[in-house]
Amino acid sequence: MIRACSFGRALAGALPALALVACAPDTEGQHLSASRWSFALIDGQSPMSDAADMRFEKGEVRVLVGCNRMSGPWRISADRLVAGPLVQTEMACPAPAWDQEKAVGSLLASTPRIHVNEERMILQSSGHTAELIRVED
């Protein structure tokens, strides 16, 4: 009887936590996990590199715009993408690619608004906008 009662109390204590996990809504953050996105437009211009992309992997966002890579932790808070702190490689780039890298870096640093549907993502801050398309691997 003591064992059953102890087990019952432990189970009763765990049920509310299990119920919260089971009923947790599917958030955009979960929708982004393990996904890859190709930049379609950066501030209204096509990316200078065909390889420009953003990947959400294992709690880290990885971004390539031109010559350098950025990476760091990410999460969604309300309708905002919170990325960072981001680390970045520092290779020399031609001016157009470098300008786009700076724009995307500023965009991510500003905690941009994020809108995601099945195949399209828009990141927007007061100074920059990026449109991305989901890539299926």
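Pro85 sits in the loop between β5 (80–83) and β6, with helices (H or I, at least four residues) and strands (E, at least two) taken as DSSP runs numbered from the N terminus. The peptide bond joining Gly84 and Pro85 is cis, with omega at about 5°. The model is a predicted one, in which local features need pLDDT of at least 70 and side-chain atom pairs count only at pLDDT 80 or more, while totals for chains, interfaces and linings use all residues. Residues are numbered from 1 along each chain as its sequence is written, and side-chain values use heavy atoms, with hydrogens and water left out.

A disulfide is defined here as a pair of cysteine sulfur atoms within 2.5 Å, and by this rule the count comes to 1 disulfide. Its partners are Cys67 and Cys93, whose sulfur atoms lie 2.3 Å apart. The pair links distant parts of the chain, 26 residues apart: Cys67 belongs to the loop between β3 (60–64) and β4 (69–77), and Cys93 to the loop between β6 (87–88) and α3. For solvent exposure, buried means under 20% relative accessible area, exposed over 50%, and partly exposed in between (1.4 Å probe, protein chains only). Cys93 is buried because its relative accessible area is 19%, whereas Cys67, at 25%, is partly exposed.

Buried residues of α3 are Ala97, Gln100, Glu101, Ala103, Val104, Leu107 and Leu108. They cover an arc of only 160° around the axis, so they fall on the same side of α3; the arc is that of the directions from the helix axis to the C-beta atoms. Just after α3, Thr111 takes a positive phi of about 50°.

Further along, His115 lies in strand β7 (residues 113–116) and counts as partly exposed because its relative accessibility is 48%.

Ala34, in the loop between α2 (28–32) and β1 (35–42), is a residue other than glycine with phi near 60°; it is exposed, at 72% relative accessibility. Lys58, also not a glycine, has a positive phi of about 45°. Lys58 is found in the loop between β2 (53–57) and β3, and its relative accessible area of 88% makes it exposed.
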